[in-house]
Amino acid sequence: MLFNSLEFIVFLTVVYGLYLVLPHRAQNLMLLAASYVFYGWWDWRFLGLIFFTTSLDYWVSLKVAATQNERAKKAYLSISIVCNLGLLAAFKYFNFFVQSFVDMATKVGVQVDWVPLHIILPVGISFFTFQSVSYSIDVYRGHLQPPRRFVDFALFVAFFPQLVAGPIQRATTLMPQVVEPRKVELDQVTRGAFLILFGLFKKTVIADGLATGVNTVYNAATGVTGIDVVVATYLFVIQMYCDFSGYTDIARGVSKLMGFDLSKNFMTPFYAASPSEYWTRWHISLSSWVKDYVYMPLALRYLRKGDSKLNEYRPHVYAMVLMGLWHGAAWTYVLWGLYHGFMLVIWDAAKLPKALKRFRKRIPRPFWIGLYFHITAISLLLFRASSVGQIGHLFRTIGRGLSPQNLTMPTPPTATMLGLPVLLFLDFLAFRNSSDLFYRKWPDAARGALVAVLLVLVLMGWSNAPAEFIYFQF
Amino acid sequence: MPPQSSSTSSSEAEAAETVDAPARTARPAWRSLARTAAWCAVVLVLFEVLTAVLFTRTRLANGSLRKFLWYGVSYEQKVRELVHTPNLPPRSILHAGWIDPAAYRNQPSEPELTIYGMSFSNNTGEALKELRPDMSVRMIGGPGAPLSHAYGAYLVDRPLRRTRFAMVGVTSGAVQEVLLMNRGSLFADAPFPYFFPRFELVDGKIVKVADSLINTSDELRAAIDDPVLWGKQLDVLAAHDDGYRRFYFASDWLDYSLLGRLVRRGLSKHHAQAYTTRILGPNGFRRDHQAVQLFRALLRQMVSDLRTENVQPIVFLYALQGQSNHLFDLVNDILRDDKIPYVNSFDLCRPDNLANYVPDMHFIPECDTAFAKRVLALMNEPERRP
């Protein structure tokens, strides 16, 4: 059930209608049932999987909270981590690792007969697994107590607005909102409604509109020109941002209608001037998750080993490779992670020489923003390519020339062409105001006009060929 | 990972959001919301008025933006506008694709090759004529026409000509259209005024279950402004055209509203996509679908009918840009079992090579020439010589 589908409109109307009339406990029960319906819409068979991980983590958290024995706590936590990551590995990475092993064996002359298993990937498995694992770790660390009611915990795991593509919520943020009665206030509702509208604009007008041209170039085996690849890559940067942040906006908007506050996932990411800043603006919920649960423990561990530059930089690269693999089982994602890891290392290393430091300070920020935008674009080329071979092919194609006359990719639809300046303008305002609530300071007439413009654009973009959200596959 | 990222953690970002909130609470929320909604309504009305004036009374009336905003006009209204356009050229889309024996009589009556299909097969025919100017080619088709149109046209055309070869052109994009009677039922953006008959597979045999009441552009001219005649035609479509939905097809007040047109277009696009997805999935055509079964049966029947009248059939499979070889996979067994000579564009000009297509999604002339050469080669094979 896509957020931009008629089914979801009907679903949300029914759920919200019930939500408004039910008391708190019944609200949670109804939301849990609705979340399972929402998830089962794709494939009901995986409801068993989500129910199993939920039950397991709840049981583990109760056990961890009840015992004072440190070793027992660790053992229970291990059960949760091994089961969650084991399921993730089985569904997502089994074929990849075995196939990689087979390929390697073949290269050294050992013939291994193996046919990849036909494993269906449960939608959003990486999102709810990470959310669940972080809960277990937080309970183990003593950051929170498990909720008394199983329904509350199950809702925390399966809450439908963010179930399949995040933002990944920390239990410390979302659980209290589940457990405590919520208030539906007009201010929240209007902010939620605007987020939904803006998210729909990003998704249907921009992302879906750009998808056709980008897919034409990236899916073509031959016949594309260098300028096609470059333009398609820049457009993919915008498509990806609008697709994912559009989903997040709708998820946050729907949650706000019900009095929930989900964390932000994006903060004008293309105004980042460095890698470390980029990761505080792009997919914030995942980068902060990786920082807290992977990078920090790794960094501490390596620091204990010795105060060398290598020990300082290694966690950057390892964490980013893991982040790459989180997206999917493919070498392109590993390359993407390595690339970002090395960018973090390079930027850090460049801080050291004093001459370079002075040089960096003298150059105005827009230059660094522009530079890092292009670095991001290259990373998204690695991300979008279907194989390492295609990455090489794409770079070779770019190397053969960039004459604008050779542009053959289809022009985006009219709605998208009209919507792009609106998006860039609103994104710029959000950056200038350091908040995406900039419009709230506007007079009523200007806000009314903004809503009308977005509404017309969404209706125009509604006819763009609808596509699944890119992050559903992760 | 950046250790400094804690400075803009998500929770802090949320905190930044709540900082803005008190500024708004100073104003009465309901009043502010009502005023914003009222302004929104005013701007929407302004859009309606502006588009109505600008796109009818100024030079923008012929611009691409006007065209875009008019896509959501009902199919009926689009056809009405087309019919009433003064000085339409003879090659206008209004006259194309009709299954009309009178029009077919203008073509060579004893051709070497007759082509049934659509624009792709017509382009192959034109390339054939260039390669072999001495060869007589009869071309029967309609823009984007599906196989049911080709078979309907063939049944009408059969007594009008004597031909040695017949090429049946089918595209990978039109398999789902064999259950329609008009392309506008799924693709309402551009009006394809011609109608075609509806066939069904009954006990393993092809049976014509419905004919259009309107079969020429002149009949359309007469019917489009006659509510009784047009109403009867819509009744035929409602009963037999699987993709037909009155909301997208028939004219109503939404034609006169910008927002109404946008809503109609969005819904009709989703309708078309949902319809197509039921038939063509990521792994190919769904063989259990009625349209797919009818398509296969129509192909078999047409080839069998051609052979019965001693005409040598050639099937041409056209893969549209970006599509896989699904069309060949769908009919491969028929081609093999019935020993039907065929050309598959996929083998000559791959659909994943952008350079093989012109911007309007047709093949480049070099591909058409290659197709024509392959058709000629098939015609010249020893077993097919007279």
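## Close-up views of a predicted two-chain model

**View 1. Helix H6 of chain A sits among other helices.** In H6(A), the buried residues are A:Val151, A:Asp152, A:Phe153, A:Ala154, A:Leu155, A:Phe156, A:Val157 and A:Ala158. Buried means under 20% relative accessible area, exposed means over 50%, and partly exposed lies in between (1.4 Å probe, protein chains only). Helices are DSSP runs of H or I with at least four residues, strands are runs of E with at least two, and both are numbered from the N terminus. H6(A) spans residues 150-158, and eight of its nine residues are buried, so the helix is largely enclosed by the rest of the structure. Its cover includes H2, helix H3 (47-66), helix H5 (125-141), helix H7 (160-163) and helix H8 (171-179) of chain A. Contact here means heavy atoms within 4.5 Å.

This is a predicted model: local features need pLDDT of at least 70, side-chain atom pairs count only at pLDDT 80 or more, and totals for chains, interfaces and linings use all residues. Residues are numbered from 1 along each chain as its sequence is written, chains are lettered from A and ligands numbered from 1 in the order in which they are written, and side-chain values use heavy atoms, with hydrogens and water left out.

View 2. pLDDT is the predictor's confidence in each residue, from 0 to 100. Chain A has a mean pLDDT of 89, and 96% of its residues reach 70 or more. Where pLDDT is low, the predicted coordinates should not be read in detail.

**View 3. A:Lys357 lies in helix H15 of chain A.** This helix covers residues 354-362. A:Lys357 is partly exposed, because its relative accessible area is 46%. Neighbours within four places in sequence are left aside here; A:Lys357 then contacts A:Ala350 and A:Lys351.

**View 4. A nonpolar patch lies on the surface of chain A.** Its members are A:Val10, A:Val14, A:Leu18, A:Leu20, A:Val21 and A:Val184. Together they have about 530 Å² of accessible area. Patches are made of residues with over 30% relative accessible area and no salt bridge; like charges are joined within 9 Å, and nonpolar side chains (Val, Leu, Ile, Met, Phe, Trp, Tyr) within 5 Å. Accessible areas come from the Shrake-Rupley method with a 1.4 Å probe, and for residues only the protein chains shown count as cover. A:Leu18 belongs to helix H1 (residues 6-21) of chain A. A:Leu18 is partly exposed, at 40% relative accessibility.

**View 5. A salt bridge joins A:Glu277 and A:Arg365.** A salt bridge is a side-chain nitrogen of Lys or Arg within 4 Å of a carboxyl oxygen of Asp or Glu. Here the N to O distance is 2.8 Å. The pair links distant parts of the chain, 88 residues apart: A:Glu277 is in helix H11 (residues 275-278) and A:Arg365 in helix H16 (residues 365-384) of chain A. A:Glu277 is buried, at 16% relative accessible area. A:Arg365 is partly exposed, at 37%. Over all chains, the structure holds 34 salt bridges.

**View 6. A:Lys291 pairs with A:Asp292 in a salt bridge.** Their closest N and O atoms are 3.8 Å apart. A:Lys291 is buried, at 8% relative accessibility. A:Asp292 is partly exposed, at 23%.

**View 7. B:Asp157 and B:Arg161 form a salt bridge.** Their closest N and O atoms lie 3.4 Å apart. Are these two residues buried or exposed? B:Asp157 is buried, at 0% relative accessibility. B:Arg161 is also buried, at 5%. Salt bridges with shared partners join B:Arg138, B:Asp157, B:Arg161 and B:Glu309 into one network.

**View 8. A disulfide links B:Cys349 to B:Cys367.** A disulfide is a pair of cysteine sulfur atoms within 2.5 Å. The S to S distance here is 2.1 Å. The pair links distant parts of the chain, 18 residues apart: B:Cys349 is in the loop between helix H14 (345-348) and helix H15 (365-379) of chain B, and B:Cys367 is in helix H15 of chain B. The torsion about the S-S bond is about -110 degrees, so the disulfide is left-handed. Both B:Cys349 and B:Cys367 are buried. By this rule, the count over all chains is one disulfide.
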